Amino acid sequence: MATAYLTHQQKVLRLYKKSLRHLESWCIFRDKYRFYACMMRARFDDSKEEKDLMKASMMLKAGEEEFWTNQHPQPYIFPESPGGTSYERYECYKVPEWALDHWHPSEKAQYPDYFSKREQWKQLRMQSWDKEAKKNNFKKHNMQLQTSPMTSTCDVMENL
Amino acid sequence: MHPTSLMMTSSLIIIFALLIFPVLSTFTPTTKTPDWATTHVKTSIKLSFFISLLPLFIFLNEGAETIITSWTWMNTTCFDINLSLKFDQYSIIFTPIALYVTWSILEFASWYMHADPNMNRFFKYLLIFLISMLILVTANNMFQLFIGWEGVGIMSFLLIGWWSGRADANTAALQAVLYNRVGDIGLIFAMAWMATNLNSWEMQQIFIASKDFDLTFPLLGLILAATGKSAQFGLHPWLPAAMEGPTPVSALLHSSTMVVAGIFLLVRMSPLLENNQIALTTCLCLGALTTLFTATCALTQNDIKKIAAFSTSSQLGLMMVTIGLNQPHLAFLHICTHAFFKAMLFLCSGAIIHSLNDEQDIRKMGGLHHLTPFTSSCLTIGSLALTGTPFLAGFFSKDAIIEALNTSHLNAWALTLTLLATSFTAIYSLRVVFFVSMGHPRFNSLSPINENNKSLINPIKRLAWGSIIAGLILTSNMLPLKTPIMTMTPLLKLAALIVTVIGLLLALELASLTSKQHQTSPNLALHHFSNMLGFFPSIIHRFSPKINLMLGQLIANQLVDQTWLEKVGPKAITTFNLPLIITTSNSQQGLIKTYLAFFLLTITLAIILTMS
């Protein structure tokens, strides 16, 4: 179960990953990067047997500070990742599903097969929602939220 | 009517009609076919280009220029605003170039934006932009120029924010509008000055009537306008941010056409600038600073489009330097040659980006010479033209500018900065070619990369031809307005070439160092200065708004709420009255019976005294 606090292991691993990524931003050619990445791994491995958590936390803090001073000002970010060049690029084309209800009949006539079955699909979705919500233990974590756009609050409270 | 002038006038009117017709046809309710963009828009621009060659050849043959005043728009007794098109040397040469470059970019865009659901709208926006640009370039009065100026600004906003779901794109579009607005203040001020002092917005009348005036203020206004539109230092951050837009937008607007509008304005107004030393010195110093600063920023960028954007800004600085040298003709020549190779650099970058699934970082490119030989060859040709390799397009304009700079008796500081920027140009151009084309691929082989598409190859091929021969053609056919200095020492003559070669060798040395194991922590201060763009955006975009907001908070909170509404009003009354109240109430001992007895005693005494 995930909590708000990170374990020491998680912090160390996150530091390792981001230092490798920034190293990749600095050392552009793969052979040079591989060499320095092995050196970095060796540095982490040297201190992995430390049992005293106080000392380990101090080493982690020193590591974070070293990362901060040596980080790359423009680290390589994958294009689709947050901060990348094509992140959220196609959000403006993502129209919500209910917009289909507002199409003009002449536009709906261009897709007769889909629209003839659309009402049926909507009914099916409403009926199966409660079952799926129960299956995923949805209600336990979201007691205050209205679980479905179709059901009213009374139904939710009844089922609790 | 004389056949020459008839041919000129009618062909130019036909060009405008051809370009406006597809835009007007979108206002009808009929739905457009999916390939409306290629069948209508691209065809209209292609036809317009071929028609625009007619006035060009007439001009080259006979030197015929024409001014068409077709409609008296708003005329009062002493002030006229007409619809007036001026086809002089500058607009006659620039119009075919702009149409040629736009034709190539639209053909490329039909490949690049193929999967976009709103491709027709995209092409419509590009067409409206082109119309505004041509209105700007052919304007004979300031009002029409302002219409074109604002038009290109608005279309830039719409096109940069094309992918409006992206927060960065919206920020960049807003940035472009705001920075251009600051420049527009200068233009409006200059227009107001001209309207009140020279009583006209027509260019001919302005040139004649301004002979006895001190033109420093309006010229500084025009320089401010050029600073905003052409991304000179101080109002430059919008140009690299504008790379958020699709690559055809960057290629058309932010390299060849829109950003040169500021320089074009100064070229048009060059008769006013000629005699004003303050304005010329401002242009020279601003241009020199811009060209060096942006070339420094380009040295360490890793996004291929940002490198090209800073390169554009640096070349615009060079054009501004040329204007400061009182050589508007050379600046115009550089505008024309720059359009070809810069648009080609952007198209090659776009082809590479699209092939690598939207990868823009040069750290993850490489070995593309084997995978896309045509594109990488054209990238190399464009880079060589940019650095001023002898006898390519850029050489004729850039070398002429640096020769003029070397032989002029102006300040050596501007000269040093410009030469340094020229060597930096060679460095970052080699850096791009090294990381993109040479070596081994540093990306995953996700999709088959090929360039077997005619709509990709033909535009780049056309622009490559332009980059190679345009310089020669333009210099052979355009007469220089000022006599160039013909004699100079060999060192001065070869200065540009020498600094370029030094830059190239330095870049080769640095590039070979990247693959060697070197000392692990070098001095990073210079790298960070260059990479963070001189910290200019960090300071201006964050620091000064923060100061303003904190001042606002201070005023609202401390001054108004705490001081005027509390301390001066109610609290002051409290602090004044409280000691009095305390003294008064403390002096009361609460001896009610005693007070009552004394009261009755004194009342009785008073009654007895009055009675007797």
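Colleague: What makes up residues 73-123 of chain B, and how far apart are the end C-alpha atoms?

Modeller: Residues 73-123 of chain B are 57% helix and 22% strand, with the end C-alpha atoms 30 Å apart, where helices (H or I, at least four residues) and strands (E, at least two) are DSSP runs, numbered from the N terminus. This is a predicted model, in which local features need pLDDT of at least 70 and side-chain atom pairs pLDDT 80 or more, while totals for chains, interfaces and linings use all residues. Residues are numbered from 1 along each chain as written, chains are lettered from A and ligands numbered from 1 in the order written, and side-chain values use heavy atoms, leaving out hydrogens and water.

Colleague: Why is H8(B) called roughly antiparallel to H11(B)?

Modeller: The axes of H8 (residues 216-229) of chain B and H11 (residues 261-268) of chain B come within 7 Å and cross at roughly 155°, these axes being lines fitted to C-alpha atoms over the stretch in contact, with angles from 0 to 180 degrees between N-to-C directions. H8(B) is therefore roughly antiparallel to H11(B), since angles over 145 degrees count as such, under 35 as roughly parallel, 65 to 115 as roughly perpendicular and the rest as oblique.

Colleague: Which residues of H8(B) meet H11(B)?

Modeller: In contact (heavy atoms within 4.5 Å) with residues of H11(B) including Leu265(B) and Leu266(B) are residues of H8(B), among them Leu222(B) and Ile223(B).

Colleague: What makes H3(B) and H15(B) roughly parallel?

Modeller: H3 (residues 89-112) of chain B and H15 (residues 328-355) of chain B pack at about 0°, with axes 11 Å apart, and the two helices are therefore roughly parallel.
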